[in-house]
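Let's take a friendly walk through this protein, one piece at a time. Have the picture ready and follow along.

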Amino acid sequence: MSANDLALGSADVPEVLGRVEMRHLVALRAVADERSFGRAATRLGYTQSAVSQQIAALERAVGEVLFERPGGPKPVTLTPAGELLLGHAEAILDRVAVAEADLAGYRAGRVGHLTIGTFQSVSVEVLPILLHRLRNQRPDISVTLVEEDEQSDLTRALAAGELDLSFVVAPLADGPWDFLPLADDPFVVISSADEPLTPEGVAVPAEVLDGLPLIGQSLTACQVLIEDGMRQVGAEPNVIFRTTDNSAVQAMVRSGMGHAVTARLSIDPTDPGIVVRPVDPSIPDRTIGLAVPHRHRSPAVDVVVDLARQVCAEVVGAAELAHARHNAA
C-alpha cells in the first residue's frame with residue numbers, strides 16, 4: 001500500500017507521496033526508534049541491507065536526507081526533514097493499525113451496526129432477552145429496531161437495504177432473502193376467566209369457534225394465518241373488533257367482549273382474567289423466523305441469527321411451561 005492509497009479527500013496526490021510505500025514508513029519509524037539500522041532490521045525481521053535499501057528508496061522519493069549516518073558505533077539520528085516526515089509517518093501507521101483492528105473486529109462479528117426489523121410479539125417476548133445477551137457478549141455491536149405491523153413493510157425495507165435482517169412469519173413471499181426458521185408458535189384460544197369455553201385442560205373443539213364473537217388483530221400476516229387456519233378446521237371467523245395491539249386484544253377478552261384466537265407468544269398467560277385453551281383439531285402453527293438478504297452481510301448478522309435461535313427456543317419452551325402452570329392453577 002502506498003501513501004497515495006491513504007490520502008483522504010484528494011484525488012491529486014503529489015508525485016513525491018505517490019512513490020512512498022508503507023514499508024518505507026515502517027522502516028523509517030524502526031530506525032528512528034532504534035537509532036541503528038542493524039537493530040531496526042532485527043526488530044522488523046529483515047536483513048540490515050534490506051532496511052538500508054528501504055530508507056534509501058524513501059530518501060530518493062522525498063528528495064531529502066532523512067538520517068545523519070556518523071558511521072561506526074555512533075547512533076544514527078534524524079535530520080530535520082526526517083523529524084518532519086516521521087511525525088506524518090507515525091500518524092499514518094497508527095491509523096492503519098486502528099483500521100486493521102477494526103477490520104479484524106468486523107470479520108469476527110465483534111463490531112458493527114445492525115438495523116433489525118421486528119413485529120409486536122417478538123419485540124415483547126424475544127428481543128429484550130436477545131438484546132441483553134448481545135450487549136453482554138458483543139458490546140460493540142449497536143442495534144436499531146424498526147417495528148411494523150405489516151410484514152410487507154418489513155420485507156420492502158429489507159429489499160431496499162434499509163434493514164440488515166428482519167423477524168418475519170412464514171410463509172414468506174419470494175424475494176432477495178433467505179428465510180431462517182427459528183421456532184413454531186402455536187395458536188390458542190383465550191377467553192374471559194368468567195366464560196371459559198371448555199373445562200380446564202380440555203381443548204376447544206374447532207366447531208365451537210364457528211361464528212363465535214372474536215377479538216382480532218387487523219389483517220396482518222399473522223391474523224391472516226389465524227383466519228385461514230380457522231377455515232381449514234371448519235370454523236368461519238366472526239371478528240367483531242380489530243386492533244393492532246396485542247394487549248388490547250387481551251383486555252377486550254378479559255372484559256368479556258369476545259374470545260380470541262391468537263399466537264401463544266402474543267399473550268400474557270399469567271393474566272388471571274383469562275384462560276388459555278388449545279384448539280382441536282389444531283390450527284397450523286405459525287413459524288417465526290428471520291429474513292436475511294442475499295447481499296453481502298456483516299458478520300454481526302450471523303451473531304444475531306445464532307442468538308435468535310437460542311432465545312426463541314428458550315422463549316417458546318418457557319411459554320409452554322407458563323401455560324401449563326396457568327392451566328393447572
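**A sheet and its helices**

Start with an open sheet built from three strands, in the order β11-β7-β12, whose pairing is antiparallel. At its edges are β11 (260-263) and β12 (274-277), each of which pairs on one side only. Ignoring direction, neighbouring strands in this sheet are turned by 35° against each other on average. Keep in mind that what you are looking at is a predicted model.

What holds the strands of a sheet together? Strands pair through backbone hydrogen bonds, in either a parallel or an antiparallel way. Here, β7 (residues 187-192) and β12 run antiparallel and are joined by four bridges.

Helix α10 (residues 221-232) lies across β7 and β11, running at about 125° to β11.

In soluble globular proteins, nonpolar side chains tend to be buried together. In this model, the largest nonpolar core has 30 residues, and L114, V122, L130, L165, F167, L290 and V304 are those with the most contacts inside it. Which element gives the largest share of this core? That is α12, with 11 residues. Other elements that each supply at least two residues include β3 (112-118), α8 (127-137) and β5 (165-169).

Zoom in on L130: leaving out residues up to four places away in sequence, L130 touches F167, V304, L307, A308 and V311. Apart from this core lies another, of 24 residues, with V20, M22, L66 and V96 among them.

Conventions:
Residues numbered from 1 in each chain as written. Predicted model: local features only at pLDDT ≥ 70, side-chain atom pairs only at ≥ 80, totals over all residues. Heavy atoms only, no water. Pairing = 2+ DSSP bridges. Axes fitted to C-alpha atoms, helices over the stretch in contact; angles between N-to-C directions. Contact = heavy atoms within 4.5 Å. Core = buried A, V, L, I, M, F, W, Y, C linked by side-chain atoms within 4.5 Å. Buried < 20%, exposed > 50% of the residue type's maximum accessible area, 1.4 Å probe, protein only.
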